[in-house]
Amino acid sequence: MPAAIGVLPRYSKLLQRCLTVLSQAQYLSLEQEQWRVLKPLVAGPEQSSIAGGIEMQLLRQCGRALAGVLNGNIDFLPLLFPENSNISAATLYSQAEGFTILNRSAVLALDGWLALIPKGRKLRVLEIGAGTGGTTRHLLPLLAGRVDFEYWYTDLSSAFFSSAQAGFADYPPLKYQTLDIAKDPFSQGFAEHGFDLVVAANVVHATADLPQTLSHVRQLLNDQGVLLLLEGLQPRLWVDLIFGLTDGWWAFNDQRCQANYPLLDQNGWQGLLSETGFASTAFITAPLDATERLCRQSVILTQAARTRGRHWLIVDDSLGAADRLADYLNARGDRCTRIDYGQALSQHADASWTVDPFQRRDFERVLQHWFEPEENGQYAVLVCSGLDGVIDETSDSRAVEKTLAIVCAGTLHLLQALGAASIGLQAFNVLTQGAQPVVDGDCPQAAMAALWGMVRVAAKEYPRLQCRLFDLQAGMDLDLPTCQLVCQTDAQAELQNAVRDGRLFVPRLVSCLPGGNQPLTIREQGVYLVTGAFGGMGFKLTQWLIEQGAKHLILLARTAPSAAVKQALDQAAAGSVEIHIQAVDVSDYDALRRAVDVPGRQGLAGIFHSAGVFADCLLQDYDWQVFSSVFPAKVAGAWNLHRLSLELESSPDYFVLFSSSASVLAAGGLANYVAANAFVDALAAYRRRQNLPAHAINWGVWQDTGMAAAVNDIRRQQWQTMGVKPMATDTALAAMRTAIESDDANLAIIDIDFDRYAGNQDHDGYFQALLSRREQGQAQATKAASNGGESIVSLLRQNPDRQREVMLEHVSRLLGSVLGIAGDIDARRGFFELGMDSLTAMELRNRLQREFEPPLDATLTFKYPTLSALADYLLSLLVDTRPKQEEPSAEPVADAKNAINSEEPILSLDEQLADIDRFLEHF
């Protein structure tokens, strides 16, 4: 019908409302889907509750234009907000008796709440849909006279802001910001749980989905924050004919559709507020004669329901970041247990702890007090100690290793304690500051970068901890949006995150052609220093330098060269190459200086650092002595060479650090090696930001050289299964030449099939740019499956008669992929007989954990050491799984909570004040 008579679709509900009222008043009758006029409307003065007031004047103004508005020939906005006229919505808000009484009631309710606010506390207040400021004008004097406060004046449009700025100039500066409360406020720049009081006068009902709107309001409030609503509770046609011209009045598409009206009655508000996270709701309704004018308007005062917040374990820093974050978490209703580092374990009166970061048992003791198994999943960890990992040019190698111990040792032992207790977390968030080179001006902190490397491996080895890394900008303050970001517990968040200038960055690994083209220049009189010169890669590098024309070499290693290496070097020396060989520990700066203190040291033209050691080991199995054993050669050696280069009269042409692809791929079982190489990577980036030469090359596997020569056949087979292929030495050295001729400080040289590799990894976007389109689609499908799509559970349900066979096939495929075994696997043969070790046991457990909600113990493959035993155990976890039965939906009820109840009793003012008193008793 609306279209047939030319009414715009957006006004169909208004038309239906008018027709219904006319029918109830017996002016119209609906007969066989046709409206029939029963009697004409009587024109002329009538007795009315709004006669003679601004309400009637505005109604006449809108009513005369009603037909034109309904068919789109007249714009409603100038009717409500005309220029140079006092007959406007703004005048209605400020002068109408009903609104005045309502706003005074709001002041009364706010005054009672403010009396309970601790003295000296600063309140954060946000008003939604402030518009012309009618309610603001009543609340600001009370706030200004009672408390210190900040006030956010928001509206859908900024059109009201200039007049508000002029009208409220006598008060502390208000913050003006647009806000559409129907949308997520965080995405609009508002901090989650950032406000003590939210005010909304006749606005939240004007949204399509009221439950969602109220959930957004709840998102703005901190724990037990207060919402002050001003809302009508009963329908009034004159109100519909004025405000019903606006887009928002009839926008609802939620449960209010049943009553075809945007307003709820008292019972409706009570129920909906309870469902959306509010409690202790009270109503102040104006006296009946005044309410008759304005939909029986009411002040609704309600409190954000106290939720059982998460319990955070916070590892302190010395800069105050942990203090700021703990205040934020406490304000939003979470609990915090604090840890700082000291010489011995002790618990303090405020329930905080001091632990020795080098003692795992100290952390185990803290966890016994902090963690309650029945609340598993409501716990999170925030590590701020990494912020103390600052080194500078004055730091010697001993100071660097001490700093690494500060940022890594405690985190290692905390991870181990959590793993040993099989604790699952909602988040294990680690903070650094300036660890990553993200934007121009960043000078990476290499020690913090080492912590990043370790935690990236921890994310693979401890998937149930939900590890996340957040790198803050140097000198950055922890404002509310940043606090919210670093304290997030979103399981879908990415592992690596950096915040710069208020923006969030995440890393992406990309293939590239090295930029720039500075041809390799080996100076005949230049001296070239090589560390680790007698190892596999170091010796290949030495030979390459000689082939490129180097005539003066200083070769350093901890041990003397083998007979074969010595013979090759003697042959080179016979060919007019000057070679100085020194057995030296490059982590000893004084020894390093003495070793290179030979004629021509000031003429060092190139420094090549290939020294390093590694050993496969799970994080759970390290002690600090073993973990830190990789630091002297790789980390301290690189730092000492950096310091040495700064003493030279002129900078060398080349400063090349051999890093590893392990730090790019975050290889499991190599946490200390990844940490050390991450330090080296950051040092190269740091030097480049200082306009010093530097290249860090993240090497993949060389054929029969370096790591490839040190591992067993099973590990080589695993590399092949994962798509990692050893490079021929000539190919690797040719790629190195290209790398050091480029302008790029950090490049990985690796032969890898990323489609195959990514098939064995979790997908958080890091590898996305390197995957084929086919594999990208598969990655998305895998992620979708992990979020509730196809899984082993659904496969079992689809095959109820062959569940054990399905489970055996599934686990066998995973096992073959982990161990690099093609073909059938004997289900009775022991895993370790098949070549499994602690690393591959961890990898299998982690892959299974992605599909199984029940936590899988770290000793899974030890307890169930064959394919048959493991499949039976996993099946036992799932045999009782059933599709959830949907609860039968309730039949629609005519007088639902959203329906208007005209028979609702009217409380006296004394009864309403008693209701407010009961509300305030909850504080």
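Me: How do the residues lining the largest cavity divide into nonpolar, polar and charged?
Reply: Two are nonpolar, five polar and two charged. Here Ala, Val, Leu, Ile, Met, Phe, Trp, Tyr, Cys and Pro count as nonpolar, Asp, Glu, Lys and Arg as charged, and the others, Gly among them, as polar. This is a predicted model, where local features need pLDDT of at least 70, side-chain atom pairs count only at pLDDT 80 or more, and totals for chains, interfaces and linings use all residues. Residues are numbered from 1 along each chain as its sequence is written, and side-chain values use heavy atoms, with hydrogens and water left out.

Me: Which residues line the largest cavity?
Reply: Gln426, Ala427, Asn429, Gln466, Arg468, Gln488, Thr489, Asp490 and Ala491. A cavity is a set of points on a 1 Å grid over the protein atoms alone where a 1.4 Å probe fits but cannot get out; lining residues have an atom within 4 Å of a point.

Me: How much space lies in the largest cavity?
Reply: About 30 Å³. The structure holds one cavity of 30 Å³ or more. A volume is the space filled by probe spheres set on the points, which are joined across faces, edges and corners.

Me: Now helices. At what angle do α15 and α16 pack?
Reply: About 20 degrees, with axes 9 Å apart. That makes α15 roughly parallel to α16, a label for angles under 35 degrees. Axes are lines fitted to C-alpha atoms over the stretch in contact, and angles run from 0 to 180 degrees between N-to-C directions.

Me: Which residues of α15 meet α16?
Reply: Thr403, Leu404, Val407, Cys408, Thr411, Leu412 and Leu415. Contact means heavy atoms within 4.5 Å. The residues on the two sides divide into 11 nonpolar, two polar and no charged.

Me: And how do α18 and α19 cross?
Reply: At roughly 10 degrees, their axes coming within 12 Å. They are therefore roughly parallel to each other. Phe539, Thr542 and Ile546 of α18 meet Val565, Ala568, Leu569 and Ala572 of α19.

How values were computed:
Helices (H or I, at least four residues) and strands (E, at least two) are DSSP runs, numbered from the N terminus. Angles under 35 degrees count as roughly parallel, over 145 as roughly antiparallel, 65 to 115 as roughly perpendicular and the rest as oblique. On a 1 Å grid over the protein atoms alone, a cavity is a set of points where a 1.4 Å probe fits but cannot get out, and a pocket is an open set with protein on both sides within 12 Å along at least five of seven lines; lining residues have an atom within 4 Å of a point.
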